[in-house]
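Look over the sequence and the model first.

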Amino acid sequence: YVCSTWGNNHFKTFDGDIYQFPGLCEYNFVSDCREAYKEFSVHIQRALNSNGHPEIQYILMKIKDIMVYLKPNLVVVDGRIVKTPYYTSGVLIESNEIYTKIYAKLGMVLMWNQQDALMVELDNKFNNHTCGLCGDYNGIQIYNEFIKGGAYNSITYGNMQKISKPNSKCEDPDETQALPSCNEHRDECQRLLTSPAFADCRLRLNLEMYIQACMQDKCACNGKDDSFCLCSTISEYSRQCSHAGGRPGEWRTQSFC
């Protein structure tokens, strides 16, 4: 029931596919895509921070007729800055220094760490009704997202989710440039993700997906000793484990993340 994005442009769809998409435009993250009345939509825009790492700059949500605009430490509802906790017709918004959380009575929870990681949990009444970077939520991996009428890659798929805004200048990532595959660093990533702290997570999540994401992060960082390269995927693994009812132990140390 969970779709998420984190770290170095990783996405995990409701159906469990993990892919990378490095776009810096505004995109449909997940929306109700039924023709008649759309109950909600969530748009996101990333930008590179001063270290050159992608972070979510803002999130724009529409829930029924309420517009919510989120930036780090800022919540705007229907054009007015509000103090949290804030409640309005079926929508509760909470935030602290670390997380912003939104609970919508229609069957949705959104959680953002005000940096790189966003998670949306959706009631299964929306099965088969969603579109966007999170996919169609039909319980079948790969099928409708990446193979509709011929296989296409995650960059093509991501570019299709762009929200066109008449006056914004924003380049689509090049679809012919496949993201480099990466076969190094498996041992290190596997060691980190199977450490005793994550013993309770092993059976709850698809470990291999997170190992692959961790390997891609390490390759992208080209051996720079950069905590972003390792910590973002391990943090995501820890968050998803908790979300699935697991109890990750203390994995952060003074010297690591």
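The model is predicted. Aspartate 187 sits in helix α3, which covers residues 186–193. Aspartate 187 has a relative accessible area of 65%. That is over 50%, so aspartate 187 counts as exposed. Cysteine 229 lies 42 residues from aspartate 187 in sequence. In space the two are 15 Å apart, C-alpha to C-alpha.

Next comes the helix pair. Helix α5 spans residues 227–243. How are α3 and α5 oriented to each other? Their axes cross at roughly 40°, and the two helices are therefore oblique to each other. The crossing is right-handed.

| Property of the α3–α5 pair | Value |
|---|---|
| Axis approach | within 11 Å |
| Crossing angle | roughly 40° |

Which residues of α3 and α5 meet? From α3 come Glu188, Leu192 and Leu193. From α5 come Leu230, Ile234 and Tyr237. By class, this contact has five nonpolar residues, one charged residue and no polar ones.

Now α5 itself. It has 17 residues. From its first C-alpha to its last, α5 reaches 23 Å. That is close to the 24 Å expected at 1.5 Å a residue. Is α5 largely enclosed or open? Of its 17 residues, 14 are buried, so α5 is largely enclosed by the rest of the structure. Glycine 245 follows α5 and has a positive phi, near 95°.

Definitions and conventions
Residues numbered from 1 in each chain as written. Predicted model: local features only at pLDDT ≥ 70, side-chain atom pairs only at ≥ 80, totals over all residues. Heavy atoms only, no water. Helix = DSSP H or I, 4+ residues; strand = E, 2+ residues; numbered from the N terminus. Buried < 20%, exposed > 50% of the residue type's maximum accessible area, 1.4 Å probe, protein only. Axes fitted to C-alpha atoms, helices over the stretch in contact; angles between N-to-C directions. Parallel < 35°, antiparallel > 145°, perpendicular 65-115°, else oblique. Left-handed = near helix turned anticlockwise from the far one by under 90°. Contact = heavy atoms within 4.5 Å. Nonpolar A, V, L, I, M, F, W, Y, C, P; charged D, E, K, R; others polar. Expected span 1.5 Å × (residues − 1).
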